[in-house]
Amino acid sequence: MTVGLLSAFVALVRADVPVDPSSPDARQWIGDELAKPEYQTAKPTWFDLASKAVQDWIASLFQGPGGSAGPVLLLAVVLVIAGLIVAAFFIFGRPRINRRTADGRRSLFGDDDTRTAAQLRRSAAAAASAGDWVQAIEEQFRAVAQGLDERTIVTVSPGTTANEFAHRAASAVPAERERLLAAARAFDDVRYLERQGTEAQYQHLVALDQSLQDARLPSPMRAEAAR
């Protein structure tokens, strides 16, 4: 802008116009110069002015009485966190209670199941009567796991595999280690490897289940196995 005014005065001098104009003439010259398009374009818009005002206001919020932003900044962070928590509450609802305590479901090797060990045993027996050894083996193995879980000897958590369960149970009942590992292999064979299974495998599981039901574990070992 200063360069433009200077250029205007130089042009006036070259045009033999007096360089000591009267006040009205000077005002007229400056007004004419500022009316040019390049000066109008350079003027801040209403958006520029509004943005600057908002920026100044936000900056003032982070300045305490002594010019320090510490207390005000801390308050702002706390308010933002509280706002996010409230928003999450309304968007996602209350935190879900553990699935097992909420509706009695527990994950048994990939399936959510509300049945008790006794119900699983009856289902396995019915499948065996129909000659469906795949279902009979699956249901009977679940009955074994559910039975130990109900007695808090071994906890079956979501994501527990049949092999993991067998090793946990073997730690609680070392005498049944070999039969537990064989039972887990039979379950994996029919469920994941699509093998047919046999009556002998089913009967092996029934005998194992009965033996585990008869087992009497000391309380300290049971508490340790549950952890």
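Let's start with helix 11: at 1.5 Å a residue, its 16 residues should span 22 Å, and its end C-alpha atoms sit 23 Å apart, which agrees. The expected span here is 1.5 Å times one less than the number of residues. Helices are DSSP runs of H or I with at least four residues, strands are E runs of at least two, and both are numbered from the N terminus.

A word on what you're looking at: this is a predicted model, where local features need pLDDT of at least 70, side-chain atom pairs count only at pLDDT 80 or more, and totals for chains, interfaces and linings use all residues. Residues are numbered from 1 along each chain as its sequence is written, and side-chain values use heavy atoms, with hydrogens and water left out.

Back to helix 11. Which of its residues are buried? They are Y202, L205, L208, D209 and L212, where buried means under 20% relative accessible area with a 1.4 Å probe, protein chains only. Seen down the helix axis, these residues fall within an arc of 120°, so they line one face of helix 11; the arc is taken from the directions from the axis to the C-beta atoms. They pack against helix 7, helix 8 and helix 10.

Now the core, meaning buried Ala, Val, Leu, Ile, Met, Phe, Trp, Tyr and Cys residues joined through side-chain atoms within 4.5 Å. The largest one has 30 residues, and L212 is among those with the most contacts inside it, along with F141, L148, V154, F165, L180. Helices 7 (117-129), 8 (133-150), 9, 10 and 11 (199-214) each give two or more residues, and helix 10 gives the most, with 7.

Leaving aside residues within four places in sequence, L212 is in contact (heavy atoms within 4.5 Å) with V144, L148, R151, V173, E176 and L180. So where is E176? E176 lies in the loop between helix 9 (162-172) and helix 10 (177-191). E176 counts as buried because its relative accessibility is 10%. The side chains of E176 and R179 are joined by a polar contact of 2.8 Å.

Finally, some caution. The chain averages a pLDDT of 74, and 56% of residues score at least 70; pLDDT is the predictor's confidence in each residue, from 0 to 100. Over residues 96-105 pLDDT stays under 50, and over residues 219-227 pLDDT stays under 50 too. Where pLDDT is low, the predicted coordinates should not be read in detail. Thanks, everyone!

Note on methods: Buried means under 20% relative accessible area, exposed over 50%, partly exposed in between (1.4 Å probe, protein chains only). A polar contact is a pair of N or O atoms within 3.5 Å; within protein, one must be able to donate a hydrogen and the other to accept it, and residues adjacent in sequence count only if both atoms are side-chain atoms.
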